[in-house]
Amino acid sequence: MQKKASDILFSKAVRKMQSEQGTDDFINRLIEREHWKNQLSEEQMQFIQSRDSFYLATSSVDGMPYLQHRGGRKGFITVSNTSSLWFPDYAGNRQYITTGHLSENNRAFLFFMDYPNQRRLKLWGTASLLSEDAYPLSVAQQPKKGKVERILQFDIEAIDENCRQHIQQRYTDEEYGEELSLAKQKIILLTKQLKQLEMAIDEENRR
């Protein structure tokens, strides 16, 4: 039987701390409403597949954590269904800490950020290392340089998407260009409207 998402997020030690800090009633209400899910919504699936980077956390069998960035073209992450996704693992710093951890402890955590919209999505689950030809790669999944060393498949057990507080807005060059283009379009429209208003005022004054 699949565990509740909240049971995965909140260990006994975490629940004890919530009680000591006086937040357990609030948390209990969210648990009763099944606030934390273990299935992605359609919107969350689209959000993940639109990312060009995320963070992957693993731990050694004796509890030493490690956090690594993963990036590629937009669309390099494939969401197979509401509880599973995969992505190509490109050749990197050749330390193999993540893969070493996963060889002995398959527990993993994915952290997706959308800085312009101040949004974050967190996934708990297990990760499997597959051969580089386990799935056919799309154009977006081809490496910009180097090679694909393996496929990493992630099976979701819990999902959290909480507040935007303290997330500073940041933009990539592409995102900044899009925002600048929208701003220019607004300026052109406002300039046109202002010109029309000035002409209307002049016409009224000549009467």
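Between domain 1 and domain 2 of this predicted model, an area of about 720 Å² is buried, 50% of it contributed by carbon and sulfur atoms, where buried area is the accessible area (1.4 Å probe) that two parts lose on being put together, summed over both. The contact (heavy atoms within 4.5 Å) involves 8 residues of domain 1 and 9 residues of domain 2, and the count of salt bridges between these two domains is 0.

Residues are numbered from 1 along each chain as its sequence is written. Local features need pLDDT of at least 70 and side-chain atom pairs pLDDT 80 or more, whereas totals for chains, interfaces and linings use all residues, and side-chain values use heavy atoms, with hydrogens and water left out.

Helix H2 (residues 12-21) packs against helix H3 (residues 24-32) at an angle of about 125°, the axes lying 7 Å apart; helices are DSSP runs (H or I, at least four residues) and strands likewise (E, at least two), numbered from the N terminus. Axes are lines fitted to C-alpha atoms, for helices over the stretch in contact, with angles running from 0 to 180 degrees between N-to-C directions. Arg 15, Gln 18 and Ser 19 of H2 meet Asp 24, Ile 27, Asn 28 and Ile 31 of H3.

By the criterion of a side-chain nitrogen of Lys or Arg within 4 Å of a carboxyl oxygen of Asp or Glu, the count comes to 9 salt bridges. Glu 157 and Arg 107 form a salt bridge (2.8 Å, N to O), linking strand S7 (residues 148-160) to strand S5 (residues 107-114) across 50 residues.
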